[in-house]
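User: Hi! Could you walk me through this one?
Analyst: Happy to, here it is.
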Amino acid sequence: MSVPLEIRPLSERDLCTDFDAGGTPGGLALTDFLRRHAKKHQRQGVSATFLALTDGKIAGYVTLVGATVFRKDVEGVLKSLPPYPLPVLLIARMATAADFQGKRLVGPRLMRDVVFVEAVARRAGSGCVGIATDAKPEAVTFYARWGFTTLRASAELPALSRMFLPLATVQRAMEEAATGITSRAEPVRPEVVVPALLDSSVPAISGPPPEAVDLPFDQDADVETKG
Ligand SMILES: CC(C)(COP(=O)(O)OP(=O)(O)OC[C@H]1O[C@@H](n2cnc3c(N)ncnc32)[C@H](O)[C@@H]1OP(=O)(O)O)[C@@H](O)C(=O)NCCC(=O)NCCS
């Protein structure tokens with residue numbers, strides 16, 4: 001499936017009311033967030049939202065916030081860190097419009113062109129040791145394909161998985177994707193994954209979407225706790 005996508009920050013002029021992430025509990029909450037809360041949170045400086053658009057219509061979005069984790073939270077993934085709160089980029093919300101879900105198109109572009117780019121920029125600007133998210137069960141596969149590993153259940157929302165991707169891995173993967181030079185004989189994710197998924201010719205997935213899982217998903221709760 002080849003669909004041209006425009007990737008850019010949410011603006012006050014964007015019409016969000018047509019966006020539809022599907023009828024699952026998670027999809028409804030993610031739709032509601034973009035329609036009713038994303039602009040306000042952006043105005044307030046609570047979060048930043050970026051859109052993927054096709055023909056002027058919103059095909060997906062991702063909402064990012066700065067957050068911190070503690071060394072003990074990531075010690076299985078990162079080593080030799082100081083005992084201070086560690087800066088991360090948190091994927092607070094991410095959704096693809098129902099018509100585009102599972103086509104390996106919108107999500108990968110948002111991950112590459114927004115999440116990875118913002119994380120690398122943040123590292124240079126104010127520090128960032130990695131990218132975190134609290135993933136719903138049906139989204140764990142998506143994040144795992146990008147190299148995220150599951151740390152533990154989210155403390156605030158135990159039905160969600162706290163997932164994490166070290167920034168150094170992202171930087172290496174992006175460099176290797178840009179240069180075509182792989183520094184290891186046996187590269188690990190996302191070094192293998194990123195170059196493949198950056199290719200928009202990746203074929204669409206066929207078959208039905210995964211089963212919906214009924215989760216407590218309070219859209220008005222803390223924006224930082226839901227991937
Ligand atoms: C998760 C999501 C953002 C990924 O974006 P995408 O554009 O569908 O990205 P991809 O096509 O590369 O990824 C599809 C993967 O996402 C997962 N997924 C989650 N919800 C899905 C859905 N409704 N349909 C298809 N795949 C879905 C699947 O595990 C799938 O893995 P697979 O390719 O191995 O089958 C998007 O599917 C979505 O918005 N899902 C519903 C809401 C949600 O779960 N958001 C994440 C909050 S933690």
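Analyst: First a definition: helices (H or I, at least four residues) and strands (E, at least two) are DSSP runs, numbered from the N terminus. This is a predicted model, where local features need pLDDT of at least 70, side-chain atom pairs count only at pLDDT 80 or more, and totals for chains, interfaces and linings use all residues. Residues are numbered from 1 along each chain as its sequence is written.

User: Thanks! How many helices and strands are there in the protein chain?
Analyst: The protein chain has 6 helices and 7 strands. Their order from the N terminus on is β-α-β-β-α-β-α-β-α-β-β-α-α.

User: And what percentage of the residues count as buried?
Analyst: 37% of the 227 residues of the protein chain. Here, buried means that 20 or more other C-beta atoms lie within 10 Å of a residue's own, exposed means 12 or fewer, and partly exposed is in between, with C-beta atoms placed from the backbone.

User: Let's do the strands. What does strand 4 pair with?
Analyst: Strand 4 (residues 86-96) joins strand 3 (residues 57-69) in the antiparallel sense through 10 bridges, and it runs parallel to strand 5, with 3 bridges. Strands count as paired if DSSP finds at least two bridges between them.

User: Which residue stands opposite Ile 91 in strand 5?
Analyst: That is Thr 133. As for cover, 9 of the 11 residues of strand 4 are buried.

User: What about strand 7?
Analyst: Strand 7 (residues 161-166) has 5 of its 6 residues buried. Strand 5 (residues 130-135) pairs with strand 7 in the antiparallel sense over 6 bridges, and Ala 132 stands opposite Phe 164 there.

User: Now Val 69. Is that one buried or exposed?
Analyst: Val 69, in strand 3, counts as buried because it has 20 C-beta neighbours inside 10 Å. The bridge partner of Val 69 in strand 4 is Leu 86.

User: Which residues does Val 69 touch?
Analyst: Leaving out residues up to four places away in sequence, Val 69 touches Val 74, Leu 86, Val 88 and Ala 132. A contact here means that the two C-beta atoms, placed from the backbone, lie within 7 Å. Val 69 and Ala 132 are 63 residues apart in sequence, with their C-alpha atoms 8.8 Å apart.

User: Switching to helices: at what angle do helix 3 and helix 5 pack?
Analyst: Helix 3 (residues 106-125) and helix 5 (residues 167-179) pack at about 115 degrees, with axes 10 Å apart. That makes the two helices roughly perpendicular, a label for angles of 65 to 115 degrees, while under 35 is roughly parallel, over 145 roughly antiparallel and the rest oblique. The axes are lines fitted to C-alpha atoms, for helices over the stretch in contact, and angles run from 0 to 180 degrees between N-to-C directions.

User: Which residues meet there?
Analyst: From helix 3, Phe 116, Ala 119, Val 120 and Arg 123 meet Leu 167, Val 170, Gln 171 and Met 174 of helix 5. By class, the contact has 6 nonpolar, 1 polar and 1 charged residues. Ala, Val, Leu, Ile, Met, Phe, Trp, Tyr, Cys and Pro count as nonpolar, Asp, Glu, Lys and Arg as charged, and the others, Gly among them, as polar.

User: Last one: which non-glycine residues have a positive phi?
Analyst: Among them are Asp 55, with phi near 50 degrees, and Ser 80, at about 60 degrees. Asp 55 lies in the loop between strand 2 (48-54) and strand 3, and is exposed, with 8 C-beta neighbours inside 10 Å. Ser 80 lies in the loop between helix 2 (71-74) and strand 4, and counts as exposed because 6 other C-beta atoms are within 10 Å.
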